[in-house]
Amino acid sequence: MQPKPPRPTGVTVLAVLAILAAIGLLFFGSALIGLGLLLGTLTASVDITNAITTAGYPGLASLGAGTISALIIALGAAILIVGILYLAVGVGFFGGKRWAWNLGIIVSVIGIVLDVIQMIGGNYGSILPLIISLLIIYYLMRPHVKVFFGKGPLMASRSTVPGTGSSRP
């Protein structure tokens, strides 16, 4: 068995960024779940409904505090799951795990889909995350990166001609 090639610098950078994103997402998801639970326990739902209406969201206010609380908790849980996925990607990238390459591609594709949906909805600020996700997929498809993750054949030595076993002049 051949020794594992050294970790490419780009993979290290992606691992660190994934872990930092995971920390932020885990914090934000937990905060949303806490906010949803807090909102669900408040008895003065009339005050909350009035505050939401005053903020300019009368349609949202018609849902009621309990429904809004459930939606916030569900959103927090979804963000928490994404944070866990990013943490797994970061840790797996550091170790060069084969599954981490797959998960990195999957998370990037999910990001691309969500960015395109946001852009269709008018959020053109999603163009930068879209470009970043596309660049990450491009980088993960590079031969030396795939070799590091055990997804591609080891690169042939430049000193031999493939198929002949002889050295180049």
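Residues are numbered from 1 along each chain as its sequence is written, and side-chain values use heavy atoms, with hydrogens and water left out. Because the model is predicted, local features need pLDDT of at least 70 and side-chain atom pairs count only at pLDDT 80 or more, whereas totals for chains, interfaces and linings use all residues.

**Helix contacts**

Helices here are DSSP runs (H or I, at least four residues), numbered from the N terminus. Their axes are lines fitted to C-alpha atoms over the stretch in contact, with angles from 0 to 180 degrees between N-to-C directions.

| Helix pair | Angle | Axis distance |
|---|---|---|
| α5 (residues 98–120) and α6 (residues 127–140) | about 155° | 9 Å |
| α1 (residues 9–41) and α6 | roughly 140° | within 11 Å |

Helices α5 and α6 are therefore roughly antiparallel, whereas α1 and α6 are oblique to each other; angles under 35 degrees count as roughly parallel, over 145 as roughly antiparallel, 65 to 115 as roughly perpendicular and the rest as oblique. The crossing of α5 past α6 is left-handed, and α1 also passes α6 in a left-handed crossing, a term used if the near helix is turned anticlockwise from the far one by less than a right angle.

The contact of α1 with α6 (heavy atoms within 4.5 Å) joins Gly 10, Val 11 and Leu 14 of α1 to Ile 136, Tyr 139 and Leu 140 of α6. Its residues comprise five nonpolar, one polar and no charged, where Ala, Val, Leu, Ile, Met, Phe, Trp, Tyr, Cys and Pro count as nonpolar, Asp, Glu, Lys and Arg as charged, and the others, Gly among them, as polar.

Between α5 and α6, the contact residues include Trp 101, Ile 105 and Asp 115 in α5, and Pro 129, Leu 134 and Ile 137 in α6. This contact divides into 13 nonpolar residues, four polar and one charged.

**The aromatic cluster**

Two aromatic pairs occur in the structure, a pair being rings of Phe, Tyr or Trp (its six-membered ring) with centres within 6.5 Å, and planes under 30 degrees apart counting as stacked, over 60 as edge-to-face and the rest as tilted. Phe 93 and Phe 149 make a tilted pair, 5.2 Å centre to centre with 55° between the planes. This pair links distant parts of the chain, 56 residues apart, with Phe 93 in helix α4 (residues 65–95) and Phe 149 in the segment after α7 (143–148).

Phe 93 is buried at a relative accessible area of 3%, and Phe 149 is buried at 1%; buried means under 20%, exposed over 50%, and partly exposed in between (1.4 Å probe, protein chains only). The ring centres of Phe 148 and Phe 149 lie 5.1 Å apart with planes at 70°, so this pair is edge-to-face. Phe 148 is buried, as is Phe 149, and Phe 93, Phe 148 and Phe 149 form one aromatic cluster.

Conventions: Helix = DSSP H or I, 4+ residues; strand = E, 2+ residues; numbered from the N terminus.
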